[in-house]
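Please open the structure in a viewer and keep the sequence beside it.

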Amino acid sequence: MSGAPIVVHRASGTGGRRVIVHSHGRDQILGIAYSDHDLVVFLESAGIVEPEVVLDDPGWVEWRDGPPHNFDAA
């Protein structure tokens, strides 16, 4: 895992990207995001304050195997 505590994985064949947060020495799957809105909701539920602000911060979020903010089918 990278240094970023939040990883947005590549889009699946049917769309959507798995979102994982690394906290307290373990990884937790937050869910499958189909939009930035979904991602913001997941991050809010994980206790991230102002999640919209961290989406483009590589210190917080690593977008793997695809462009940021793209949730279309791979």
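The model is a predicted one.

**The whole chain**

Begin with the entire chain in cartoon view. There are 2 helices and 4 strands to find, and their order along the sequence is β-β-β-α-α-β. The radius of gyration is 11 Å, close to the 11 Å that the globule rule gives for 74 residues, so the chain is as compact as a globular protein of that length. Along the principal axes, the C-alpha atoms fill a box of roughly 30 × 25 × 20 Å.

Next, switch to a surface view. The chain exposes about 4400 Å², and carbon and sulfur atoms supply 52% of that area. Of the 74 residues, 35% count as buried.

**The nonpolar core**

Which residues touch the most other members of the largest nonpolar core? Select Ile-6, Val-19, Leu-39 and Leu-43, which hold that place among its 16 residues. Two or more residues of this core come from each of β1 (6–11), β2 (17–23), β3, α1 (36–45) and β4 (61–63). The largest share, 4 residues, is given by α1. In soluble globular proteins, nonpolar side chains tend to be buried together.

Now centre the view on Leu-39. Leaving out residues up to four places away in sequence, Leu-39 touches Val-8, Val-19, Ala-33, Leu-55 and Trp-63.

Select His-9 in strand β1. Is this residue buried or exposed? His-9 has a relative accessible area of 15%; it counts as buried because the cut-off is under 20%. Beyond residues up to four places away in sequence, the contacts of His-9 are Arg-17, Arg-18, Ile-20 and Arg-64.

Proceed to Gly-31, in strand β3 (residues 26–33). Gly-31 is also buried, with a relative accessible area of 16%. Apart from its neighbours within four places in sequence, Gly-31 is in contact with Arg-17, Arg-18, Val-19 and Phe-42. To try a distance in the viewer, pick the C-alpha atoms of Gly-31 and Gly-13: the two residues are 18 residues apart along the chain, and these atoms are separated by 16 Å.

Most residues other than glycine have a negative phi, and most peptide bonds are trans. The last two selections have a positive phi.

Select His-24 in the loop between β2 and β3. Its phi is near 55°, a positive value in a residue other than glycine. His-24 counts as exposed, at 81% relative accessibility.

With 64% relative accessibility, Asp-65 counts as exposed.

Conventions
Residues numbered from 1 in each chain as written. Predicted model: local features only at pLDDT ≥ 70, side-chain atom pairs only at ≥ 80, totals over all residues. Heavy atoms only, no water. Buried < 20%, exposed > 50% of the residue type's maximum accessible area, 1.4 Å probe, protein only. Contact = heavy atoms within 4.5 Å. Core = buried A, V, L, I, M, F, W, Y, C linked by side-chain atoms within 4.5 Å. Rg over C-alpha atoms; globule rule 2.2 N^0.38 Å. Areas by Shrake-Rupley, 256 points an atom, 1.4 Å probe, with all protein chains shown as cover.
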